[in-house]
Amino acid sequence: MFSHQSRRVPAWFCAILCVLLFSACNNNDKSIITLKTPTEPSVGLTSPYGVAGDDQLFHQLELIRAEFSMPALGGFIISGDELIELDVTGVRSSTGQVPVSAFDRWSIGSFSKSMTATLAARLVEQGIIEFDSQVAEIFPELIGKINPELESVTLNSLLSMTSGLQRDLASMYSGKWHRDNRDMTSQRYDWTIELLNAQGSVPQGTYLYSNAGYVVAGHMLERVTGQAWESLIAQELFEPLGMADVGFGSASDDDPDGQPSGHQMREGKWHPITPTDRVDLPKVIGPAGLINTTLHDLSIYLGAYLAGARGNDNLISASSYVRLLTPVTPEYGLGWILTPNDSRFHHNGFTGTFYLDNLVLPERNVAILAVTNGDTVNAKLAVEKVIDILLKRLDAKQHYSGK
């Protein structure tokens with residue numbers, strides 16, 4: 001996990017944030033002491049949502065946060081290689097007054113799956129594994145000890161949700177994995193055996209969303225490299241991209257006062273989640289959805305994908321981006337939810353206490369992301385509205401600039 005104190009924020013990003021934030025950062029962890037006060041949108045604009053880059057994103061986010069009664073919201077727009085705007089509103093914990101900061105880390109849930117698939121592509125390019133590598137090839141000692149019908153499951157089928165495996169292991173909710181203090185690689189090996197001994201839920205080749213299968217995919221990458229998924233994805237993805245503030249699990253577990261808490265609605269009130277609630281997912285399922293990071297780092301990641309989807313090499317080759325973004329089934333590629341007959345793609349993420357979604361539009365050279373730190377149907381509605389408003393603000397900017 002990257003240290004909170006070791007973040008390195010580029011000068012250009014600091015300049016943008018100085019414009020976006022109405023309250024100065026005045027301590028070492030870059031927290032904002034007082035909540036920003038919404039101001040009225042700029043006058044003279046025909047767009048009721050303002051124009052991207054007009055310093056009014058906070059106002060729009062605050063209106064949406066109030067409408068859906070969420071603890072906090074954040075979002076950003078990328079156009080080409082430029083971060084057009086980024087802002088946040090709300091509080092880290094519903095029982096406190098500390099506002100969220102543009103430097104805070106958010107749990108991204110199943111959006112992590114796209115990162116695990118990207119890690120796999122990196123290792124395929126290096127010749128360490130193949131997308132068609134089978135479970136029996138990677139774990140030959142399990143031949144005859146697991147369901148023989150599942151020995152031929154491939155890395156590709158795991159990443160595309162066509163392995164036929166169950167959505168989740170029943171033991172994931174039993175507390176078994178929460179109590180396991182062994183290293184992650186050992187835990188994921190036992191997870192792999194348990195899952196591959198179970199009966200498949202659907203025929204292989206049929207799409208079925210599977211968190212459990214992504215853990216096996218991550219463990220295949222662990223076996224061929226001899227590294228835990230956590231250190232491997234940091235080495236092969238976060239470090240090359242310059243994502244300097246990334247962790248695993250809930251960021252507030254280790255820093256309850258300095259990071260946003262996830263929330264659940266209980267008896268009509270938001271309840272900030274702490275480790276004593278024991279509702280967070282076990283760390284064994286990391287490859288399926290346990291990354292936390294900042295909006296800035298997420299903008300770097302989506303920016304790489306936006307460029308890759310437009311034919312550019314960066315973290316992986318353009319041909320690898322094509323592979324990941326080509327439908328295996330109409331619903332899914334490798335780590336990405338696709339739109340039939342359209343180049344747009346996204347992947348949402350829900351942890352039970354955070355919700356995130358995004359939208360990448362290669363034809364427009366645009367990527368958008370929004371996140372909140374709460375559950376309930378309102379979380380999804382709020383995030384979807386943020387994405388919609390961000391698009392309208394970008395449309396207005398392009399209209400007024402003539403682009």
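This is a predicted model: local features need pLDDT of at least 70, side-chain atom pairs count only at pLDDT 80 or more; totals for chains, interfaces and linings use all residues.
1. The handedness of the H3 and H8 crossing is left-handed.

2. Which residues make the contact between H3 and H8? On the H3 side they are Lys113, Thr116, Ala117, Leu119, Ala120 and Leu123. H8 contributes Asn211, Tyr214, Leu221 and Thr225. Sorted by class, the residues of this contact are six nonpolar, three polar and one charged.

3. H8 also meets helix H9 (residues 229-241); here the axes come within 9 Å and cross at roughly 80°. The range of 65 to 115 degrees counts as roughly perpendicular, so H8 is roughly perpendicular to H9.

4. The H8 residues that meet H9 are Gly218, Leu221, Glu222 and Thr225. Their counterparts in H9 are Trp229, Glu230 and Leu232. The class count for the contact of H8 with H9 is three nonpolar, two polar and two charged residues.

5. Thr89 is part of strand S2 (residues 82-90). Is Thr89 buried or exposed? Its relative accessible area is 2%; buried means under 20%, so Thr89 is buried. The side chain of Thr89 makes a polar contact with the side chain of Glu62, at 2.4 Å.

6. With neighbours within four places in sequence left aside, the residues in contact with Thr89 are Phe58, Leu61, Glu62, Arg65, Pro71, Ala72, Leu73 and Val100.

7. Where does Thr353 sit? It is found in the loop between strand S10 (349-350) and strand S11 (355-361). Thr353 has a relative accessibility of 3% and, as the limit for buried is under 20%, counts as buried.

8. Residues up to four places away in sequence are again not counted for Thr353. Those that Thr353 touches include Gly262, His263 and Gln264, together with Ile273, Val279 and Asp280. Asn373, Gly374 and Asp375 are also in contact with Thr353.

Technical notes. Residues are numbered from 1 along each chain as its sequence is written. Side-chain values use heavy atoms; hydrogens and water are left out. Helices (H or I, at least four residues) and strands (E, at least two) are DSSP runs, numbered from the N terminus. Buried means under 20% relative accessible area, exposed over 50%, partly exposed in between (1.4 Å probe, protein chains only). A polar contact is a pair of N or O atoms within 3.5 Å; within protein, one must be able to donate a hydrogen and the other to accept it, and residues adjacent in sequence count only if both atoms are side-chain atoms. Contact means heavy atoms within 4.5 Å. A crossing is left-handed if the near helix is turned anticlockwise from the far one by less than a right angle, and right-handed if clockwise. Ala, Val, Leu, Ile, Met, Phe, Trp, Tyr, Cys and Pro count as nonpolar, Asp, Glu, Lys and Arg as charged, and the others, Gly among them, as polar. Axes are lines fitted to C-alpha atoms, for helices over the stretch in contact, and angles run from 0 to 180 degrees between N-to-C directions. Angles under 35 degrees count as roughly parallel, over 145 as roughly antiparallel, 65 to 115 as roughly perpendicular and the rest as oblique.
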